[in-house]
Amino acid sequence: MKKLWLLVALLLCFALPCAAEDNPAEYTSGDYQYVLLEDGTAQITDYTGKAIQLEVPSELDGYRVTSIGYHAFYGCGSLTSITLPDSVTSIEDRAFDYCLYLTSVTLPDSLVTMGNSPFSSCISLLDIQISPDHSMYATIDGALFNKAEKKLICFPSAITAEEYAVPEGTLTIADDAFSYCRTLVSITLPDSITSIGDNAFCSCDNLKNITLPDSVTSIGKYAFIHCNALENIMLPDSVTSIGHSPFYGCFFFEAVYVTLDSYAHQYCLDNDIPFRIINEWSCGECGHINHRNFCTECGAPKPQFKTSCDNCHYLFGVDEMPNFCPECGAKQ
């Protein structure tokens, strides 16, 4: 029994330092809470103040502030603008999550890394300011980009545009990039896009027109959650990965357009998502549904018609062969 107690004591001795390392000591300086990083600098972990316009200090208790931690400014209900000091080099995931009245953010020249969804649910955000000479980040038409990774990080929710074209050369739409952009009706993605992140278009209530280019290979979970105006979308053959419930809460959603035997087709089958086969057509002679260039029932040739409008990319129904687009009126 003594040996057993000795073994337990030894295990506790080893475990306690590990626990201390996993949970570093947290300090308080005014309205800020912070921890010390391995390099001796401070990471802000929480802000408890009620400031409306806030300039974050470059030092806390003599320690240089280099990092804004996960959820550090979560739900700061009074905050409308924030300026980060030139000492900050990193911003962790969701640092400003649910700052509902935040309209303006000024990022420092010193910033090197930025985590996922830094401004998620900042529904009033209108302006992200950063030096045009910044080596890592840039704003283009109001949207924040990581230049090195060619990633669109955030299109501010309060920008009142109805249409937006993602710049050519962009590779990734980041998590929550367009979340709560409620005025956007049409988004154009370039042929360079390969990845669409989690919740990328969350609650884009008026989004009706978006075409995924053949370059897209992955679509994150809940990518189009609560896009209430979205009725259909075409998923290209290039897609090889789709996250959980990408169209959850799209109340007027009718169907995903896919090609026969594609990954997207199988995903729809496995997850009970309504779909239509792009190259599916109904024979005018006998009514048989086909996927080839001729009717396998009566031999009639496949009629020539388009699957989508050249102007607005509206997707036509299986049997539609319109002379004009019912959505925008363009001749076909």
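User: Which strands form the open sheet, and in what order?

Analyst: In this predicted model, the open sheet is formed by 7 strands in the order β12-β13-β14-β16-β18-β20-β22, with mixed pairing.

User: What makes β12 and β22 edge strands?

Analyst: Two strands count as paired if at least two bridges are found between them, and β12 (137–140) and β22 (241–242) each pair on one side only, which places them at the edges.

User: How do you know that β13 pairs with β14?

Analyst: The cut-off is at least two bridges, and 3 bridges join β13 to β14 (residues 151–154), so the two strands qualify as a pair, and they run antiparallel. Across from Lys151 in β14 stands Asn146.

User: Why is Ser110 called buried?

Analyst: Buried means under 20% relative accessible area, and Ser110 has a value of 19%, so the label applies. Ser110 sits in the loop between β9 (104–106) and β10 (113–114), and a polar atom of its side chain lies 2.4 Å from the backbone oxygen of Asp86.

User: Which residues have the most contacts inside the largest nonpolar core?

Analyst: That core has 42 residues, and those with the most contacts inside it are Ile173, Phe178, Ile196, Phe201, Ile210, Leu212 and Phe224. Its largest share, 3 residues, comes from α2.

Note on methods: Residues numbered from 1 in each chain as written. Predicted model: local features only at pLDDT ≥ 70, side-chain atom pairs only at ≥ 80, totals over all residues. Heavy atoms only, no water. Core = buried A, V, L, I, M, F, W, Y, C linked by side-chain atoms within 4.5 Å. Buried < 20%, exposed > 50% of the residue type's maximum accessible area, 1.4 Å probe, protein only. Helix = DSSP H or I, 4+ residues; strand = E, 2+ residues; numbered from the N terminus. Polar contact = N/O pair within 3.5 Å; in protein donor to acceptor, adjacent residues only side chain to side chain.
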